[in-house]
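Please examine the following structure with its sequence at hand.

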Amino acid sequence: MGAMLQGRGRETKEIADLLGAARTGRGGTLVVRGPAGIGKTALLDWALGAAPDFRLLRATGIEFEMELAFAGLHQLLAPLLDRLPRLPGPQREALETAFGRLDGAVSDRLLVGMAVLTLLSEAAEEQPVLCVVDDAQWLEQATMQALVFAARRIAAERVVLLLGLRDPVQAPELDRLPTLSVGPLPDSEARELLAGAVHAPLDNQVRDRIIGEARGNPLALLELAPAKNPAELAGGFGLLLHGDDTIEDLYRRRLTEVPAETRRLLLAAAAEPLGDPVLLWRAAEQLGIRVTAAAEAEKAGLLEIDARVHFRHPLVRSAVYRLASPEERRTVHRALAEVTDARLDPDRQAWHRAQAAYGPDEDVAAELVRSAGRARARGGVAAAAAFLERSMVLTPDANDRLERLLAAAEAKLEAGIPDKAAELLGTADDTAMNPLLCARAEVLRGRIAFAVQRGADAPSLLLRAAQRLEPLAICLARETHLDALYAAISVGTLGEDAQAFAASARAVAPPPGALRTVDLLLDGLALVLTGERRKAVPMLRQAVSDPTDDVWAVRPHIASLVSLELWDLQPYRAVLKHQIDSARATGAITSLIPALGTLAGASLPTGKCRSAEGLLDESDELAAATGNIPLVYPRLHLAALRGDGAQATKLINTTIDDATARGEGLLVAYGNFTMALLRNGLTDYVGAYDAARLAVDQLQFGFLGLALRELVEAAAYAGRPEEAAAALARLREHTLVAGTDWALGIGSSCSALLADGEAADHYHRNALHHLSDSGCDADLARAGLLYGEWLRREGRRLEARRYLRAAHELLSAMGAAGYASRAAHELRATGERVRSTSPEAQNELTPQELHVAHLVAKGKTSKEIAAELFVSPRTIDAHLRHIFRKLDITSRRQLRGMSLSESDDRLPTSPY
């Protein structure tokens with residue numbers, strides 16, 4: 001190992017610094033990446049030796065092992081499993097279920113990541129912990145996801161996580177983590193390494209040839225140079241690497257020099273990823289391999305067997321497996337299947353049996369399907385896909401084979417690999433399918449198209465699938481119609497007219513009996529899009545009346561559009577709060593991420609921008625930790641309200657460009673709406689008009705009313721009264737039908753812009769009356785601003801000051817800087833001196849700190865808060881230190897006596 005560290009001073013120092021920081025309580029992660037043989041494994045081994053005071057945990061990813069859910073994680077954490085009883089209940093159950101110690105389903109795969117974090121945190125209380133994972137690119141998805149989640153949240157822990165990653169193999173989940181790139185050795189270091197490896201004299205020309213062909217790869221120098229005898233090296237015979245040769249090829253050539261019996265033992269060890277010597281020797285006995293074969297493997301420097309089975313280098317394992325013929329592999333897997341306990345490890349035995357099969361075998365295929373079910377229950381969707389795909393290959397019956405192919409493709413889509421799902425689905429022969437399978441395949445193609453690129457082809461694919469399902473399964477057909485309709489709305493004007501999809505949906509009557517929420521949503525959306533809004537509103541209102549309905553768990557995005565169409569955010573907030581409470585209670589992080597983000601968006605009309613930002617920060621942090629895409633819609637809205645023209649414009653334009661390229665027309669329209677919102681606040685009414693015009697032209701449903709509101713204001717102030725009047729007429733159609741205080745207040749405020757005298761005064765006052773009761777303080781402040789502007793133009797300066805002052809205070813308090821500046825300008829025009837609004841005090845609590853303080857004030861412990869917020873207890877303690885300092889207190893008891901609310905943005909009391 002020492003030779004492999006030649007020239008690696010920079011790399012060892014960076015790892016040593018990370019270990020030193022962990023000793024003082026600052027944990028961290030490092031992805032050690034580089035090509036095969038470059039020295040990653042040597043660096044990881046060095047780290048283990050440099051941390052004698054750490055608790056050491058180690059695992060290795062294996063390329064050709066089946067994707068047994070959480071297999072790599074179990075390998076890494078096995079020494080800590082005696083600590084499981086110390087974990088919070090949901091975390092303990094999630095990890096025990098993931099490892100097969102409990103029957104049932106993991107409530108959320110990412111809750112396992114939280115359990116990993118807590119388990120490491122618990123162990124680090126006694127001594128620092130070093131986790132080393134080599135060949136991380138071969139970890140199955142479930143383990144990778146859990147480790148990345150924990151890796152992004154160990155900054156306050158005495159924990160170091162080192163992950164070896166081979167280039168150019170892709171592991172996008174690791175791209176967001178700190179990286180240590182290990183490059184080739186410079187020639188000077190390579191010469192020193194070669195001199196230490198070859199003791200015979202070398203001609204300069206031969207030495208230069210060796211160094212040139214090794215290309216700075218230390219493993220090539222150490223392994224290949226000694227492979228030649230001194231006479232060959234001195235005479236310059238035998239090149240190291242030829243053409244496309246790799247380091248793995250070196251090991252393959254070395255393998256041909258050991259006896260056949262030894263190669264068979266090496267193959268059994270390669271195919272048995274647990275590294276269990278007892279299991280290996282049982283398989284060896286089945287294969288008739290003598291004990292002396294192990295001595296030959298150790299003599300060749302390829303394998304060591306002690307408490308575990310260790311290959312000299314991960315590339316040896318790959319070389320052994322690839323060199324073997326298919327028949328040799330089947331023989332070894334058959335032996336391993338026979339010695340694997342089906343009661344203790346049924347899935348691994350099933351996989352070995354599958355690899356040993358010569359051809360179709362329904363018994364093996366059926367067992368793989370059962371393994372897929374167990375994997376899915378443990379949260380290993382990718383593992384379930386792997387089992388199902390292999391099962392499909394081994395299924396003799398054509399119909400069953402197609403059924404399993406579709407199930408495998410669905411699992412791949414659910415696992416977040418839609419390209420692989422499409423590739424697998426592309427192998428299906430539609431002509432061999434029965435009508436129901438054909439329809440399911442069409443549904444899957446549409447879902448894949450929508451997942452990959454929200455593209456214009458997704459709605460048509462889903463519509464065709466829905467139509468195929470109509471005579472076969474009416475309930476499923478209507479659900480697919482709803483998905484097709486939402487896809488058409490999402491694609492917007494970049495695709496086909498959503499009205500055609502609405503008309504098709506209306507032609508399909510619901511089944512007899514009580515209407516499901518899905519049916520109410522489908523019929524309500526279809527009615528709105530075909531011009532019958534008045535009939536649709538009662539249906540949509542009934543659809544969102546039950547926040548606990550299962551439909552919102554899989555289609556929360558539709559609730560947002562429906563609530564905006566109804567001009568009523570309360571049902572939507574109830575849906576989201578139910579999802580958030582449920583997610584926090586069960587640890588369902590994947591559900592929590594979009595729910596937090598969308599609740600932030602629903603908070604913005606209320607003026608609670610600070611609370612919204614806190615929710616978005618938590619959502620974004622969880623998304624980053626789990627590899628999910630952050631929710632962009634509320635970020636655009638918040639940026640527009642904040643009013644930083646240059647920054648917001650850049651964000652909005654970038655989003656519009658990206659959404660246009662993907663074909664996501666709804667996001668393009670939303671971007672234009674937020675641009676109009678921004679420009680109206682900055683008094684760029686021409687720019688606001690242009691953006692609002694685009695948004696209105698691109699929309700048919702949801703926030704069309706909000707876009708019309710921006711268009712009325714922009715057109716009225718930009719000197720386009722005819723366009724303002726036309727937009728107002730359309731807006732009133734929405735607001736009068738909805739009939740909520742929010743809707744009526746917005747309708748009256750916009751009507752005032754086009755009225756004169758007493759009529760204008762009446763509309764302004766009516767707007768303030770309704771909006772004061774709506775809870776939408778952002779819109780209340782804007783209505784007060786419009787009234788104050790009108791009063792000033794009417795020469796009623798004293799009255800104007802009252803409304804402008806109140807608007808300025810409200811807008812400033814909520815952080816709507818653009819609109820606050822507009823109000824300040826108007827106030828100055830009345831002759832009033834405007835008090836500057838200083839930025840928030842430096843010692844004010846952040847949204848996350850406020851949330852923690854609120855939970856402490858309720859009497860919760862650090863461990864309970866950590867479980868709720870998906871961080872470690874030490875992170876909560878770090879937050880508390882900041883809270884105590886900012887509030888000038890010293891104990892939790894003092895917090896419990898304070899009046900704290902994580903949702904209170906402390907807006908001034910409205911004078912309207």
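Helices (H or I, at least four residues) and strands (E, at least two) are DSSP runs, numbered from the N terminus. The model is predicted: local features need pLDDT of at least 70, side-chain atom pairs count only at pLDDT 80 or more, and totals for chains, interfaces and linings use all residues. Residues are numbered from 1 along each chain as its sequence is written, and side-chain values use heavy atoms, with hydrogens and water left out.

With a relative accessible area of 5%, L161 is buried; the term denotes under 20% relative accessible area, whereas exposed denotes over 50% and partly exposed lies in between (1.4 Å probe, protein chains only). When residues up to four places away in sequence are not counted, L161 touches G28, T29, L30, C131, L147, A151 and I154, where contact means heavy atoms within 4.5 Å. The C-alpha atoms of L161 and R58 are separated by 9.9 Å, although the two residues are 103 apart along the chain.

How many of the residues of helix 6 (residues 141-151) are buried? The number is 11 of the 11, so helix 6 is largely enclosed by the rest of the structure.

Helix packing can be followed elsewhere in the chain. Two packed helices are described by the angle between their axes and the distance between the axes. The axes of helix 12 (residues 260-271) and helix 16 (residues 326-339) cross at roughly 65° and come within 10 Å; axes are lines fitted to C-alpha atoms, for helices over the stretch in contact, and angles run from 0 to 180 degrees between N-to-C directions. On the side of helix 12, the contact is made by R264, L267, A268 and A271, and on the side of helix 16 by E328, R329, V332, H333 and L336. By class, this contact has 5 nonpolar, 1 polar and 3 charged residues (Ala, Val, Leu, Ile, Met, Phe, Trp, Tyr, Cys and Pro count as nonpolar, Asp, Glu, Lys and Arg as charged, and the others, Gly among them, as polar).

The aromatic residues come next. A search of the whole structure finds 9 aromatic pairs, in which rings of Phe, Tyr and Trp (its six-membered ring) have centres within 6.5 Å; planes under 30 degrees apart count as stacked, over 60 as edge-to-face and the rest as tilted. One of these is the edge-to-face pair of W567 and W742, with 5.2 Å centre to centre and 75° between the planes. W567 lies in the loop between helix 29 (556-566) and helix 30 (570-586), and W742 lies in helix 39 (residues 741-753), 175 residues apart. Both W567 and W742 are buried.

Y670 and F703 also form an edge-to-face pair, at 4.8 Å centre to centre and 85° between the planes. Y670 has 8% relative accessibility and therefore counts as buried, and F703, at 3%, counts as buried as well. Together with Y633 and F673, Y670 and F703 form one aromatic cluster.

Finally, D430 is found in the loop between helix 21 (418-425) and helix 22 (435-453). Is D430 buried or partly exposed? Its relative accessible area is 27%, so D430 is partly exposed. Leaving aside neighbours within four places in sequence, D430 is in contact with C438 and R445.
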